[in-house]
Amino acid sequence: MRNFLLGVLSGVLATALAATALVLSVRGEVSPSSAPTPTASPVPSGRPTDFAADDTWLGVVDLNSSEIVTSGGGFMDVSAKGRGIRLSDRGIHAQHLDLEATLPWAVAATQVGEGVELYAAGSGRAGISRTIEVLGQRVPVKATGTVRADNGELVIEPESVDLDGPDWLDTVASAAARALVTIRQPVQGVPDGLRLTGVSVIDTGFRATLSGDGVTITN
């Protein structure tokens, strides 16, 4: 499914964290006369020893959004939980990051190819419908298959392939059709240190989870 569009989530997270840092900086600019008297608080144990004057350190971050729309498409029910987030002139880095989001069927289908339809096929399986060309004939094909994460890669493996064509064509086209609905690829565009750990099929699309330590969100 090419980039699976999950790389967009890194930009979403970076934007959200940058906004958090902005809020913190604005609070820091409140005049002493209007600000309440601060109380002493312990320094977070995870704070880096080389903490610079312009750095911002967030011990724990929990970000949620019901919908996010970008130039690359839309995501639903996005949840990002990070620990040890550091914002500096060198970028945004996280000691640990967990990310979960729903990629709607229509958005995912555009990454597979023109004229492709993806849908929930029941029992946790994904369905795909498209038209292929075999021996000069355009033949509709439908397939259902399992979806899983394997060693950081997205895998969609068909269990059944149905061709809407003459019987003699079914034998010729079956191998080509199966190849077109079999997907195995790494998730590209994901921040360094983050990897796909799970993917499932829900009514509205693919539900993907990613996790990692020492994640570089932006440089």
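A residue counts as buried when its relative accessible area is under 20%, as exposed when over 50%, and as partly exposed in between, using a 1.4 Å probe and protein chains only. By that rule, 42% of the 219 residues of the chain are buried. The model is predicted, so local features need pLDDT of at least 70 and side-chain atom pairs pLDDT 80 or more, while totals for chains, interfaces and linings use all residues. Residues are numbered from 1 along each chain as its sequence is written, and side-chain values use heavy atoms, without hydrogens and water.

The chain has 3 helices and 10 strands, which are DSSP runs numbered from the N terminus (helices H or I, at least four residues; strands E, at least two). Along the sequence they follow the pattern α-β-β-β-α-β-β-β-β-α-β-β-β.

A nonpolar core is a set of buried Ala, Val, Leu, Ile, Met, Phe, Trp, Tyr and Cys residues joined through side-chain atoms within 4.5 Å. The largest one has 39 residues, and I85, L118, I128, V147, L194 and F206 touch the most other members. Strand 3 (residues 91–104) gives this core its largest share, 6 residues. A second, separate core of 6 residues includes I132, V134, V139 and L163. In soluble globular proteins, nonpolar side chains tend to be buried together.

R86 lies in strand 2 (residues 73–88). With a relative accessible area of 12%, R86 is buried. Its side chain is joined to that of D55 by a polar contact of 2.8 Å; such a contact is a pair of N or O atoms within 3.5 Å, where within protein one must be able to donate a hydrogen and the other to accept it, and residues adjacent in sequence count only if both atoms are side-chain atoms.
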